[in-house]
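Have the viewer ready and follow along.

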Amino acid sequence: MSSKVAYVLDVKSGNLQSLQNAIEKVGFEFILIETAAELRAAIASEACQKLFLPGVGNFGHFMRQINQLELREPILEYVASGKALMGICVGLQALFNNSEETNNLVDENSDADGLKLINRTLKRFDDTEKSVPEIGWNSVIPAPGTEAAIQGKDLYGISESRKYYFVNSYASILTKEETELAKQGRSTEITGFKDCEIALTTYGSETFVSAISKGNVFVTQFHPEKSGNAGLKVIEAFLNGNKYTEPAAIPEGVKVQHGFTRRVIACLDVRANDNGDLVVTKGDQYDVREREVDGSGNPVRNLGKPVEMARKYYEQGADEVTFLNITSFRNSPIADLPMLEVLRQTSKSVFVPLTVGGGIRDIVDPSTGNLVSALDVASLYFRSGADKVSIGSDAVYAAEAYYARGEKGDGTSPLETISKAYGIQAVVVSVDPKRVYVASPEDAPANIKVIPTKYPGPNGEKYVWYQCTVKGGRESRPIGVYELVRAVEALGAGELLLNCIDKDGSNSGYDFELIDLAKSAVAIPVIASSGAGVPQHFVDVFEQTSADAALGAGMFHRGEYTVNEVKSELMKNGIATRTDTGL
């Protein structure tokens, strides 16, 4: 066997396909460990010198999985052996005593306790000043006084000039006093970090520990396998045992922007065309067929192949790629082998988060007649390379049931089952509303949020409410956007994809009133969608609303503008965005 081998511990938590692809991308073989016996055999083997502990989702669920698989003691034995361990996301959090995310903090022997290698408790971000979860790209900076900072080197390839992808609600948040100690180069005096080198990240007004090196253990709160070339360099440095690396060169004239950035997302509407081939398409008012001009029929608009286009946008600097499977295999997502293959192939060369939507619901398998849960459907996509799933119509039905039960969930909706297993950050709700104009708030249905509008209706109406739709905008429902997003946040959504039927295909910019309405209702991140036609529209939405991300489709697919051009326009206007500086 080659000496360039990486072992990965499978705790049945999240997307391992992307990590496998990243490991193979930097020239190492990938071996999966699934049992305690396999891990103990790896400890005894000379071949196993590098082990990854990846995890996503709920801290308590992750630790219970470790215990149920009887992996706690073998993991501690591995650490004691002196062999190198790299934890990712919840793999970092697992080293701590416990987390506010669980309800068992008073029980010293709780099955949800961490590995207790770091004597601290994880805390939840303050959501009064920022969106929670933190979803997006941020800076990671070695704490002053650490060996890396003293030498002027990067810790395992982590560079101040790069951005890394985070998705977390909980972290090792420092108090104001601890933050001051860290700034003074005294981080080893902070409780839990006596023998550690740490790196720090700021989100809003809070500073948290985003990477830790302690002896043979190296852990990151961010996802290197989803952090583009910057993340690949971290994985490569760990696998090659390069703890201190030369800092990345910054091109002349480039000013590094520290801190959290606004995301630019490329969205690909994917469906089967009339020949049965999967294509990327885009339409106006949700109509994806070409206009009939010569009597020969109006075929599905074909703008390219999904895998190739996703790779192109990644290379242009897209922060995320979203696939919306808009009609294909609508009745049988589990038979959606072509879309699963699209995800598998895309994740081999696209190292940023991938979201997939369409058909994530409880279904009956037509080949067997058996019921397949939405959780099982989502798991198929996660195992094929998806990081998040997008739920549309079923989220509307779940919200209606939530209010019918007196603002309570029953634990059975796709939102609830998927977020419980994979964490809220894995669930996006895609909303398709349309504007309904009324002369006064009293003219709207009861219990619906109505707002004044700057854009009067066809008869001069000065008020509007946003009616939710299902089935790709084809059917209206008696619930408004404000009410919907409040419900889905309570049920387990971690992010909102906010479409607008009235703006779709208009190239006239985003609907700011809709975005402001949704942001006023929830603390979770909101993605602005529908209406982008030029780079200035991205500038406008970030300057005039608190949208966390903005999505583009047709303007990219038609080749009118590139993602790079959008990001250049953002930078010119002083809006923080991720670039490939120093890669």
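Is Glu70 buried or exposed? Glu70 is exposed, with a relative accessible area of 58%. Keep in mind that this is a predicted model.

## The chain as a whole

Let's step back for a moment. The chain carries 18 helices and 30 strands. Of its 583 residues, 58% count as buried. Take the contacts between residues at least 6 apart in sequence: 72% of them join residues at least 24 apart.

What about disulfides? The count comes to zero. As for cysteines, Cys267 counts as buried at 3% relative accessibility, and Cys468 is buried too, with a relative accessible area of 1%.

Some background first: most residues other than glycine have a negative phi, and most peptide bonds are trans. With that in mind, go back to Glu70, which sits in the loop between α3 (59-68) and α4 (72-81). Its phi is near 55°, a positive value in a residue other than glycine.

Glu407 also has a positive phi, about 60°, although it is not a glycine. You'll find Glu407 in the loop between α12 (393-404) and α13 (414-422), and it is partly exposed, with a relative accessible area of 41%. There is also a cis peptide bond to look at: it joins Val132 and Pro133, with omega at about 10°. Pro133 belongs to the loop between β6 (118-124) and β7 (134-138).

How many of the nine residues of α13 are buried? Seven of them are, so the helix is mostly covered. The buried ones are Pro414, Leu415, Glu416, Ile418, Ser419, Ala421 and Tyr422.

What do they pack against? The buried residues of α13 meet α3, α11 (374-383), β22 (388-391), α12, β23 (427-431) and α14 (481-491). Just after α13 comes Gly423, with a positive phi of about 95°.

## α12 against α14

Two of those neighbours of α13, α12 and α14, also meet each other. Their axes come within 9 Å and cross at roughly 90°, and α12 and α14 are therefore roughly perpendicular to each other.

On the α12 side, the residues involved are Ala395, Val396, Ala398, Ala399, Tyr402 and Tyr403, and they meet Glu483, Leu484, Arg486, Ala487, Val488, Ala490 and Leu491 in α14. By class, this contact of α12 with α14 has eleven nonpolar residues, no polar ones and two charged ones.

## α15 against α16

The crossing of α15 past α16 is right-handed.

Which residues make the contact? From α15 there are Phe512, Ile515 and Asp516, and from α16 there are Asp540, Val541 and Gln544. The residues in the contact of α15 with α16 divide into three nonpolar, one polar and two charged.

Key. Residues are numbered from 1 along each chain as its sequence is written. This is a predicted model: local features need pLDDT of at least 70, side-chain atom pairs count only at pLDDT 80 or more; totals for chains, interfaces and linings use all residues. Side-chain values use heavy atoms; hydrogens and water are left out. A crossing is left-handed if the near helix is turned anticlockwise from the far one by less than a right angle, and right-handed if clockwise. Helices (H or I, at least four residues) and strands (E, at least two) are DSSP runs, numbered from the N terminus. Contact means heavy atoms within 4.5 Å. Ala, Val, Leu, Ile, Met, Phe, Trp, Tyr, Cys and Pro count as nonpolar, Asp, Glu, Lys and Arg as charged, and the others, Gly among them, as polar. A disulfide is a pair of cysteine sulfur atoms within 2.5 Å. Buried means under 20% relative accessible area, exposed over 50%, partly exposed in between (1.4 Å probe, protein chains only). Axes are lines fitted to C-alpha atoms, for helices over the stretch in contact, and angles run from 0 to 180 degrees between N-to-C directions. Angles under 35 degrees count as roughly parallel, over 145 as roughly antiparallel, 65 to 115 as roughly perpendicular and the rest as oblique.
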